[in-house]
Amino acid sequence: MDQPVQQMQPEITRRAKAGPDDFIPKEDYVSRDFARREAERLWPRTWQMACREEEIPRVGDYVTYDVLDESIIVVRTAPDRIAAYHNACQHRGRRLAEGCGHAARLHCRFHGWSWKLDGTIAHVVDRDNWDGSLKDEDIALPKVRVDSWGGWVFVCMSEETEPLLEFLAPLPEVFRNYPFERMRYRWYKSTGIACNWKTALEAFNEGYHVQTTHTQLLPVHDDEALAHAEGRHGSYQLAPGRISLGERSPRLAARTVDYRHNVRDFVLMLEQDLKASIPPHMAGLMDRLVEELPAEASLLDVLMKYGQIAYEAAGERGIPFPALTPEEIARAGADWHLFPNMVFLPAPDAMLAYRARPDRDDPERCIFEVYSLLLYPEGEEPPLERQCFADWKDHDGWGLILEQDFQNMTEVQRGMRSRGFTGSRTNPVQEKSVSNFHRALREFISE
């Protein structure tokens, strides 16, 4: 395999001088005091993705979303209505539900109180003991704001935070023609990781690390990234002004490229290592690029052929292929960080996505989730199977790319404890999404 040639750096499309936002003190990742400020002022005041709508398809289906000491029940109360409640019995505080499931009523297994799906009290055991002093309105389940976008269900514990679509701006406009709501889980995995939740998330909201961490991609992937601040959110695009998929990284020694093989090999590598971002049936069609195009085909010719194959294959499988303009695809870029704790890599018919949350009150542990979404023919969506692991090393099916990232995350956290490290110096061009994240975070937790 080709090795990076360090002296052959690509020409960065834009240059920026590092500013004060490009230094992030290490206390943001290791300090219990900083974590307490996040618990008090970040998590209660932001919209957070709790689940996908397809996780609760029937009336009575629920999912619990836990962050720190808060737990929220997200439940479908009608075919077209979803509600969210604080997950605490109004008698003695016992949690009413955990994980996911189905219930006609929300029931406390301590003393038997129960609530209807609309949050009103259904039954109090021996209610006459209160001699009429127990009022229905006082013991209704406290509601949590809930809304949805793109098939995701979001919750927010604050009445002062702006409505969801305003909070998400500019994402709803950028992805208005992407069929996110029609995508379904291909797979879902969750694991505990010995690092801060931000350390975990930041391994996926910048492309600067690809040239060292994922060197196996460089022969078939132009890795240079240009990051953007998108309000409180962030994004980056690869090979700005050029084409990334199937191109050879300019960090490697120059070589004549057969783009038919490069695009094919890149797609096969993604399917083998990630099982995400590319529909699996496309892997079996990639030899057509070699068979139906001449050896001297340009990268644009090969990608147009790939698009033709994808469009035809979707039609044969009964999948409405999204009609997106080149401008929309370019604006969508390669990666988005949705503030505070979600990252996704969009494609017209597939997606790889991540979510990170603190693991209780330990600032150096987190719960990390990664999943793949895909457009399926109607009626052929697989059942959701959640795979959960106490530690990422307990599972050997992550694939090479994710294993490389996980190794970085834990070693970064260990290195941050060093007395010789004072803070991160983020790349002002390729890691602007990281520094912008911390700027927005500090705005939320400042007094």
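**Strand pairing, helix packing and cysteines in a predicted model**

Mentor: In this predicted model, strand S12 (residues 184-193) pairs with strand S18 (residues 362-374) in the antiparallel sense, over 9 bridges.

Trainee: Which residue of S18 is the bridge partner of isoleucine 193?

Mentor: Strands S12 and S18 are joined by 9 bridges. Within S18, the residue bridged to isoleucine 193 is cysteine 366.

Trainee: Is cysteine 366 buried or exposed?

Mentor: Buried means under 20% relative accessible area. Cysteine 366 has a relative accessibility of 0%, so it counts as buried.

Trainee: How many disulfides does a search of the whole structure find, and which cysteine sulfur is nearest to that of cysteine 100?

Mentor: The search of the whole structure returns 0 disulfides. Cysteine 100 is in none, and the nearest cysteine sulfur, 8.8 Å away, is that of cysteine 388.

Trainee: Which strands stand at the edges of the open sheet of 8 strands?

Mentor: The strand order is S13-S14-S15-S16-S17-S18-S12-S19, with mixed pairing. An edge strand has a single partner, so one of its sides is left without a neighbour in the sheet; the two edge strands are S13 (225-230) and S19 (386-389).

Trainee: What angle does the direction of helix H12 make with that of S18?

Mentor: Helix H12 (residues 400-416) packs on the sheet and touches S12, strand S17 (350-359) and S18. Its direction and that of S18 make an angle of about 165 degrees.

Trainee: Which strands does H13 touch?

Mentor: H13 also packs on the sheet, and its direction makes about 20 degrees with that of S13. The strands touched by H13 are S13, strand S14 (233-238) and strand S15 (335-338).

Trainee: Which backbone atom does the side chain of glutamine 430 reach?

Mentor: Glutamine 430 lies in the loop between strand S20 (423-425) and helix H13 (432-445). It is buried, with a relative accessible area of 4%. At 3.2 Å, its side chain reaches the backbone nitrogen of alanine 225.

Trainee: How many residues of strand S4 are buried?

Mentor: Strand S4 (residues 70-78) pairs in the antiparallel sense with strand S3 (residues 61-67) over 6 bridges. S4 also runs antiparallel to strand S5 (residues 81-86), again joined by 6 bridges. S4 is mostly covered, and its buried residues number 8 of 9.

Key. Residues are numbered from 1 along each chain as its sequence is written. This is a predicted model: local features need pLDDT of at least 70, side-chain atom pairs count only at pLDDT 80 or more; totals for chains, interfaces and linings use all residues. Side-chain values use heavy atoms; hydrogens and water are left out. A disulfide is a pair of cysteine sulfur atoms within 2.5 Å. Buried means under 20% relative accessible area, exposed over 50%, partly exposed in between (1.4 Å probe, protein chains only). Helices (H or I, at least four residues) and strands (E, at least two) are DSSP runs, numbered from the N terminus. A polar contact is a pair of N or O atoms within 3.5 Å; within protein, one must be able to donate a hydrogen and the other to accept it, and residues adjacent in sequence count only if both atoms are side-chain atoms. Two strands pair if DSSP finds at least two bridges between them. Contact means heavy atoms within 4.5 Å. Axes are lines fitted to C-alpha atoms, for helices over the stretch in contact, and angles run from 0 to 180 degrees between N-to-C directions.
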